[in-house]
Amino acid sequence: MRSQTHFSRTLLRQPIGVLAILVGLAACGGGSGGATPPTAGDSGSAVGGTTPSSPPLPTVDIRSVAANGVALPLPEGWQYGAFMQIFVRSYQDSDGDGIGDLKGLISRLGYLKDLGVRGLWLMPVNPSQDRDHGYAVTDYRNVESQYGSLADLDALVSVAAANGMGVILDYVINHSAADHPAFINARAARDNAFRNWYLWQDNAPANWSVFGQNPWRQDPTGWYYAPFWSQMPDWNLRLPAVESFHHDNLRFWLNRGVAGFRFDAVGLLIENGPNAFNNQPESRAFLQQVQGVLQAYPRRYMVCEAPDDPQNYAVACGSAFAFDLNGRILGAVRGNTADMAAVSRYFNTAAPGTATFLANHDLFAGDRVWNQLSGDNAAMKLAAATYLLMPGTPFIYYGEEIGMAAASGISGDGRLRTPMSWTPGGPGAGFTTGVPYRSLSSNASTNNVQAQQAQADSLLGFYKAMLNLRNTRLSISRGSYDRPFVQGSVMGYTRTLGQERTLVLINYGTQAARLTLTDLPSAAVLTTLWPQGTATTSASSGQAEIDVPARSLRVVDVK
């Protein structure tokens, strides 16, 4: 949409900081129907109605949903494996209409399992007003028809779980679409039962500026708050009925076996005035209540998007994306010593629920990794090793594992959300047998799954190796982070769980390095896990020397 593209362009001209992050958030945006009780009010049982001489208003599905508390058929601790962030519209088309769908995704679960993925984050799959990025939700209890049906989502969840993968859904809790039945009711009249489900003022509020513009939008019956887009009005999350509505929606999906949620734009949930609309204490308290909903279900997981306050929201949500780390990792890969030091010490203080990543679907978080690192294969491998072997829960953006580039000739976030590159041939690169709804990645002919599966030293093979280490060594997926150091251009640390210790050494420099390791057990045996075939080293008097070639990784078992 024009407004969102405009905000993305604006961000690129902003200095790094809170304002830039907030402007960038504007670009990201961030049940089936049925009978409802015939009463109205703030209790959560209101329905649509009519006013004299007006057409019937749509019914709002606010039926309560009880928790079933069913455990998932997933191993304990599954959420510490790597997730793949997937834009269903761009992943795999099953019917030739040029649009990705759930059946297409199901057909690719074997690829994801073989890669070593343990979780899938699906960008919004609900029906939406925009029918593209999905953050303007019109129905929280159904599936976008272009993607399939509720039965298709149920099948995805079931087959994924059978292959050891949990599915989490992107849940848009800050705002709805203007076409959502509740907002259609709310804007119909000031005395409508759903009026207070959104934020309204009779007169234009003064002195407000969010994302560089007035967030209050004029309507015939008043002014409503919609900072992202005029078609995305914010929920009134202070109202108990609205909070209950969202809790019931979450239980609707959890009862179907969904493994959890990613929550969008959580810093903007609750406002306290024109100078206090971001990261308010009430927003974190609201999310702690959401955590309580998920805690009624075993082995569920939630993660939040809070770019300018990830650590506090990691506590409030249980997990939050480390927007203060991804740029540092890419800086370290480029040889910046200050970034190496920052990456090394990050997990000395980071919250246990940190979710790591290199890039995602939003330009404000950075371009495609291939673009940021100018297609440097060695650099992309170093970046992958850095975050996939560290603590937290890593999130891979689909196509990152093959070095997929952004599209050329597309502005805004759309350039990051191109169809997946499966094969080098045909107009659809294996994504569709028809015409893709959007231009392909600019390097689809060279950087695709088929080509990389045939290459012995491919980026895809490296991602698979790193995920195998994470999945087979509990010290890497769930262990402590001990004795981090930076020596020259080499960053090192130890991951420890019980008697298992894993030493990770990453040389970001262009020269080979020889390190003298100390504080080892007096007769320690150092067995190299990566790269395979490297000789075993023994310690003498608690010391050992180890070589790390230029721009390379060494992972060592210490016993």
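1. Let's start with the open sheet. Six strands form it in the order 12-13-14-19-16-17, with antiparallel pairing; strands are DSSP runs of E with at least two residues, helices are runs of H or I with at least four, and both are numbered from the N terminus. Two strands pair if DSSP finds at least two bridges between them. Strand 12 (480-487) and strand 17 (537-538) are the edges: each has a single partner strand, so one side of each has no neighbour in the sheet.

2. A word on what you are looking at. This is a predicted model, in which local features need pLDDT of at least 70 and side-chain atom pairs count only at pLDDT 80 or more, while totals for chains, interfaces and linings use all residues. Residues are numbered from 1 along each chain as its sequence is written, and side-chain values use heavy atoms, leaving out hydrogens and water.

3. Strand 12 and strand 13 (residues 490-497) pair in the antiparallel sense over six bridges. Phe485 has Gly492 in strand 13 as its bridge partner.

4. Aromatic pairs are worth a tour. Rings of Phe, Tyr and Trp (its six-membered ring) pair if their centres lie within 6.5 Å; planes under 30 degrees apart count as stacked, over 60 as edge-to-face and the rest as tilted. The count by this rule is 39 aromatic pairs. For Tyr91 and Tyr398, the ring centres are 6.1 Å apart and the planes stand at 80°, so this pair is edge-to-face. Tyr91 sits in the loop between strand 1 (83-86) and helix 3 (102-107), and Tyr398 in the loop between strand 11 (393-397) and helix 14 (449-453), so the pair ties together parts 307 residues apart in sequence. Tyr91 and Tyr398 are buried, where buried means under 20% relative accessible area, exposed over 50% and partly exposed in between (1.4 Å probe, protein chains only).

5. Tyr481 and Tyr493 have ring centres 4.9 Å apart and planes at 45°, so the pair is tilted. Tyr481 belongs to strand 12 and Tyr493 to strand 13, 12 residues apart. Both of these tyrosines, Tyr481 and Tyr493, are buried.

6. Ring pairs also build a cluster, with Tyr140, Trp197, Trp200 and Phe263 among its members.

7. Finally, the whole chain. Its secondary structure comes to 16 helices and 19 strands. Buried residues account for 60% of the 559 residues. The C-alpha trace spans about 90 × 50 × 50 Å along its principal axes.
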